[in-house]
Amino acid sequence: LMLADIYRQGIDISQYRISEKLDGVRARWDGTRLISRGGNVFSAPEWFTIGFPAVPLDGELWIGRGRYEEVSSIVRTQQPHEGWRNVRLMVFDLPAHGGTFEQRVMALNRLKAESDSPYWDIIEQRHIGNEEDLQKWLQAVIDEGGEGLILHRDSALYSSGRSQDLLKLKPFTDAEATVIGYRPGKGQFAGRIGSLTVRTDQGVIFSTGSGL
């Protein structure tokens, strides 16, 4: 999957389409199955994916703002169930299209117009004129319980891994790391996990958390 880098001021915003960053569960539709970022197949009911396009889609399984725990609980169960009725695959890209992001957005709109499935939709993409307007939209999203914004360069081709063509803008900075081990707890936490050992994409290893 294509992964977002961190937004920094000074870029030419006019070169990007901007959308809300949804707090859902990342998912890829490969034409026949829904697959997680980690490569696991979601146990989505058959009725959920009827009418999905026969081409790969990249998006977020989402219910609404501030409801990440709920959607995560629903989609990570091992058996299909009725809870999926509340979920939508909110699509923001076509990984196998081959064109620029601008071309992929237009193709997505055509696909949606031809589909009668109620369980997938397109994330709105906008152009914004300047940094001031960008920050105003970010604040409006945060005030309404959203997470942040995503900027995607119009001319970018789809590529796997972290990319400067895809940027995330949030009111605080975070990062992702892979759990590679743990340290045992001490004292009142003896017999439990004391902290996690993680490795960043840059190869930096450190411990985080305490008394887990």
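**Aromatic pairs and cores in a predicted model**

This predicted model holds six aromatic pairs.

Q: Is the pair of Trp29 and Phe52 stacked or edge-to-face?
A: A pair of aromatic rings is described by the distance of the centres and the angle of the planes. For Trp29 and Phe52 the centres are 5.1 Å apart and the planes stand at 75°. Planes over 60 degrees apart count as edge-to-face. So the pair is edge-to-face.

Q: How many residues apart are Trp29 and Phe52?
A: Trp29 belongs to strand β3. Phe52 lies in the loop between α1 and β5. The pair links distant parts of the chain, and the separation is 23 residues.

Q: Does Trp29 count as buried or exposed?
A: Buried means under 20% relative accessible area. Trp29 has 4% relative accessibility, so Trp29 counts as buried.

Q: What is the angle between the planes of Phe48 and Trp84?
A: These two residues also form an aromatic pair. Phe48 is in helix α1, and Trp84 is in the loop between α2 and β6. Both are buried. Their rings are 4.9 Å apart, centre to centre, and edge-to-face, with an angle of 70°.

Q: Which residues form one aromatic cluster with Phe48?
A: The residues of both pairs described above belong to this cluster.

Q: How many residues are in the largest nonpolar core?
A: Leu34, Phe48, Leu61, Val75, Trp84, Val87 and Leu89 touch the most other members of this core. Elements that give two or more residues to the core include β3, β5 and α2. A second, separate core has 13 residues, among them Tyr7 and Ile128. The largest core has 24 residues.

Q: Why do the buried residues of α2 line one face of the helix?
A: The buried residues in α2 are Val71, Ser72, Ile74 and Val75. Seen down the helix axis, the buried residues of α2 fall within a limited arc, so they line one face. What covers them includes β3 and β5.

Q: Which residue has its charged end over the ring of Trp137?
A: Two charges over rings can be compared here. Lys112 lies over the face of Trp120, at 4.9 Å from the ring centre. Over the ring of Trp137, 3.9 Å from its centre, sits the charged end of Arg126.

Notes
Residues numbered from 1 in each chain as written. Predicted model: local features only at pLDDT ≥ 70, side-chain atom pairs only at ≥ 80, totals over all residues. Heavy atoms only, no water. Core = buried A, V, L, I, M, F, W, Y, C linked by side-chain atoms within 4.5 Å. Buried < 20%, exposed > 50% of the residue type's maximum accessible area, 1.4 Å probe, protein only. Helix = DSSP H or I, 4+ residues; strand = E, 2+ residues; numbered from the N terminus. Arc of directions from axis to C-beta. Contact = heavy atoms within 4.5 Å. Phe/Tyr/Trp six-rings, centres within 6.5 Å; stacked < 30°, edge-to-face > 60°. Lys NZ or Arg CZ within 6 Å of the ring centre and 35° of its normal.
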